[in-house]
Amino acid sequence: MRPALLCALAGLAVLAAPARAQTLTPVDSVAGPVLPPEPQDEANHAPDPNRVPYETETSLGEHVLALPASLWSGVAYVFRSAVLYAEYSGTIARAERLLQETPSVYALPTASIGGRQGLTGGLTVFATERFLGPGWSARLGGSYSADGSYSAFGRVADRSALGSPLGLALGGGYYRDAEESFYDIGNDSDEERLDYASRWGLVGLTVELPLGERVRLITDGEFKHYEVLSVDQEDRSSPDGESPVADVPGFGGADFLSAGALLTLDFSEAGGLYAPRTYQGTALLLGLRYGTDISTSPATGALSYLRTSAELRQFVPVPLLPFDRRLALRARLERTNAPGDDDVPFYELSTLGGPEDLRGYRYDRFREQGSLLLTAEYRYPIFNTFDAVLFADAGQVFDDLDEIAFDRFHTDFGGGLRLYGGEAVAARLEVAFTPEGSPRVIAAVGATF
Amino acid sequence: MRSALFLSLLLLVGCASTKPYTTGPIKTFDPDDRDIPRPDDARENQYWDPIDRTFFYQIEKPLDLNWLGRKLGQGLGLAGPKEAQNVNTLDEVPNSSWFTQRHFYTPMTTEALRRGPNVTDGPDLTAWTVIAGKSEGRTRGFTIEDARGDRYVIKFDGPSFPELTSSAEVITTKLYYAAGYFVPQNTIAYFDPAILSLDPEAEVEIEGEERLMTEADLAAILDPQPRRADGKVRAMASKYVDGRPVGVWTFRGTRDDDPNDRVLHQHRRELRGLSVLGSWVNDPDRRNANTLAVYTTDVRAPGDTARYIRHYVLDMGSTLGANGSGTHVVQHGQEYLFDPRTMAYQTVTLGLHTKPWEFQPLVAFYPSVGYFTAKYFEPEDWVMVHPNPAYEYRTDRDGFWGAKRVMAFSEADIRAIVAEGQLTDPDAEEYVVQTLLARQEKIGRYWFGRVNPLDRFAVDARPLASGSTGTSRPLRLSFDDLAVTGGLEAAEASRYRWAVYYGGARLAEGTAEKPALDLPALPFSADPEAGVRHANREADRVLRVEIVTLRDGREPSPKTNVYLYFPLGGDPRLVGIERE
C-alpha cells in the first residue's frame, strides 16, 4: 500500500505501473451490510484467467529510465557481433587449439617498463621440437626501447643432448644500450649520475645437469665483447674516447671469457588448482662465476672478476589463513672480487636497484664489490591466475663483509599484481616506493622468485 | 529538485501493487501455447554469453535507472524486490510451455520418478547409424539413428572418470523433470561398438567448418572409452525431443519472433527458482547454450493443431560432481570464475577475507562421482560460474518456491532417481544420495527460514457444532508446515499464531498446536439460509487470515496471509496467499 499511496501523492500515476491496491471495506460492526440488495457476482463476468496470458508490462516511464542501459546495449552489440563472428567462423576454436597444442613455430610479443632501458617492446619467435626434432628448441628475438636501445638474440637448445640426461644450449646476441646511468660506487652514493652508453655481443654454451629430482647443476661458458662509451662517443664507430670517469675501470672495450656454475637445490612445493604458485618449502641457489678480459687493452688494464653468490628462498603459508596466502622470503649475498692485481670492471660489480631486487630504485642504483639483498613478499590470490602481492625490499652494497650493518640498508616497499601462466609467472605489474624520488612502476614479463 | 527527482525515481520503480487475491477462478495455466509461425533458429554461442553476463550486463544493470531506483528504494525501505511476473494469487506458477506442476502438490510415484520424461527404455541396441559427429565441446559423442528410427545424441564419459558425466546427466534430468521442467529423455546405454555404422553423409564440425565424418573420427571418439567385460561401451543416450529445435532460449529478455513469449525471462519464477534446484545438484553451468527451444506441434483435437515453442532445459552433464568430461572443482558453485568485484575486494582486504572452502581446495572423491560435496555448500551463497540474470533477480519468494520443490523429494525418491544413474560402485551411489540429502537439508533450512514455510492450504466449512450459537458455520483452514513435513523441525515444537481480519478489523485470533486452524464463527455468511447479514460486494466477502509460525526458542517467522473468499451459495475458497 505504501508505495502506491506515495505514487498518488507524487502525481506520477501516469508514468508509473498501474497501482491496483486492495480495497477492502472496513466494517463498523460485525453485523456487516444489510440484505438485500442481492450481490452481483463480478467473477461471473471476469474472463477465464487461463485464457489470458501473462505479460510483462513496461510503462513509458520505465522505458525512459532504461534509456542509458539501452544505449549501453548498443555498445555491447558491437562487441557481441565481433565475438559471435569469431566463434562462428571458427577463429576462436583455432586459437584455442593453437594454445592447447604446442605449435611448431610461434611468436610472442614482449614488453616491459622499469627495467634497464625503461619502456621496451619486442618480439620473440620460438621454434619447438615439432619443428626441430625431439628435444630441440630454439628462440630468436629482438627488442627496442624508447631511448633507442635495441637487442637481437638467439638460442638453440637440446634438452637431452645426444640422448644423455644433459641439456645443452647455445646462444648469443647483440645488445646496444643508448643510455645507462652510472652512480658513484658505494652504498652512500648520491643521486647524481653520469650517463653512458654500451654495446656488447656475446656467444655462450650452457650445459644443464640434473642431479636428482630437486637438484640441478647448470654450467656455462661465454665470450663477450663489451664496449662502454660516453654518450657523446656512442655515435662514433670507434670506442677510443676517454672514460667519463677516469678512475673507474671498465670504460672502453674488453673481451671477456667467462665460465660459471649454478647449483640449485629446490625443495619448494608448487602447484595449485589453476596456477603454478609456490606455496611452501625452501630453495637454495649457489653460484660461482669467473671472467677475464683476454684483450688486455692498455686503455682498460687487466680486468677480471670472480663472483660468488648464495641465495636462500623460503616460502611460508601464513598461519590461520588458507595456504595460498603465503610469505615469500629471499636473502641473497653476493661478492665480486678481482684476483691478484686485476680490476673488476664496473659493470660486473655487484649492483642493487631495478625490477629484480631493490624495486623502488633506479636500475643499478648502488654498486660495489658485494651486495646483500633481503626481500619479503606477501602473496595472495585474487583470481585463478592472479596474485596480489605486497613487498618490501632491503639491500646494501659493501666493499667488505664487515661493513654490513643494519643502518646501511636501503629499503623500499610496494604492491602489485602477478599473472600466472604456463609453468611460471608470465607477467607482473608493480609499484614501488622509496624515500628517494617518485614511485617506480614495473611491468615485466618473466619469472620472479 | 534533485531530491524530488530521486523520490520520483524511487516511486516510479516501486509503486506497482496488485490485489493479493482473486474472487474469480485461480489461474492454473498460462496460455503461451497458441499457434505461431515457425520462428527462426536462435544459434547458441559459447563465448559471448559469459562475456556479456560478466562484463557488459553488470555495467548495464546500474545504467537501468529502474533497477538502480529499486535497489536504492530497497535500501531505504521504500520498495521491495521486483517479484516474478508469472505467479498466480496462490504464489504459484501456472503450467505453461516452460513448466508443469508435477511432484509438489501431487507426489509422483516411485515408478514415475524413475521413469521421468522417458516414454521408451532408451535406444534400440541392435543397430545404430551414426549420422553426425561431435568431436569438439566439453563432451565427445555422436548422433545416431536406431533401428526404430529414433534419433539420439550419444555422449561419453571422460576416459579418466567413467560413469561420472553420464550418471550425473541422467540423475539431474529426472530431478528436474519431477520438479516441473521440460527435459529430454536421457538414459544410460551399454552398447556393442559393432552395432555402429557410419552414414556416408554424416558430418562432423571441426573448428567451425563441417566436413564428412570418417571412420577415423568415429574411432577417435570411441577408442578412449573403457569397455565393460562383455565389450560394451557405456554412454548417455539423449533422445531427440519431439518437434523442431529452433535454437536456444535465454535467461533474459524475450524472443522477438515468438508472440507467445510475453514475460521477460528474468522475471519468470520457474527460471528464478531453477537457481535453487541448480544449487541442490550443483549446476553452475546453466546458461543459454544449455537450453533448447523446440517448435512443438500439439494435436488437441481433430482439426485443432497448435504449433508453439516449448522450452527445454538441456545438458545436465555438468551437475553433481561432473563438469563435462571432467569433474567440478571446489570453486564451482562457490564463486564466479571471473568477478572483478570479488577480485577488487580480495585485493583491498589483503586476502584476509577467507572462505571455508579455501582451506581445503583439493579433496579426494569417487571418480564416478567427481567433486560433489555438501560440506562447503551454503544455499544463499551458491552461484553459477558466470552470472545468470534470472538467478540474480531471485527473491525470497522465488527461493522458497524452488526450495519447496527440492524438499518435495523424500529419501526414497532420491534413492530411486540416483539408482537410474547406474553407478556400479554402491559406495559411490550412496555418497551421491547422502550428499543430495545433506544439501537438500541445507536448502530447506535456509529458504524455509526466509519465508514462513506453510503451503498446500485447504479450507472447508465444518457443520455447526451442536448447540452452537454462532451466526455462521466455523471454518477449518489446514496446511502443511513444510519444515515439519521435510523433517527439519519437530511438529511438537511448532505452533501457529493466527488472526482473522475482515477489512481493517481483527475478528479473532489464537494459537494452534497443529497446522489446522479452527476459525470461529464469522460475522457474515455466504449461506443465505443462515439468516444472517452478508456483504453485497465480492470484496466484502473476503477474509484475511494472518499466520505466523512459532518455533520454540526462536524468533517468530515472517507472516503469511491467506485470503478466503465466500461465494454466494458455495463453499469458501482459498483465493490468495501472500508471503511476507
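Author: The secondary structure of chain B comes to 13 helices and 20 strands. Helices (H or I, at least four residues) and strands (E, at least two) are DSSP runs, numbered from the N terminus. This is a predicted model: local features need pLDDT of at least 70, side-chain atom pairs count only at pLDDT 80 or more, and totals for chains, interfaces and linings use all residues. Residues are numbered from 1 along each chain as its sequence is written, with chains lettered from A and ligands numbered from 1 in the order in which they are written.

Reader: Why is B:Pro224 called partly exposed?

Author: B:Pro224 has 14 other C-beta atoms within 10 Å. A residue is buried with 20 or more such atoms, exposed with 12 or fewer, and partly exposed in between, C-beta atoms being placed from the backbone. The count of 14 therefore makes B:Pro224 partly exposed. This proline sits in the loop between helix H6 (215–222) and strand S7 (233–239) of chain B.

Reader: What makes strand S8 and strand S10 of chain B edge strands?

Author: In the open sheet of 3 strands, the order is S8-S9-S10 (chain B). Strand S8 (244–245) and strand S10 (304–313) each pair on one side only.

Key:
Pairing = 2+ DSSP bridges.
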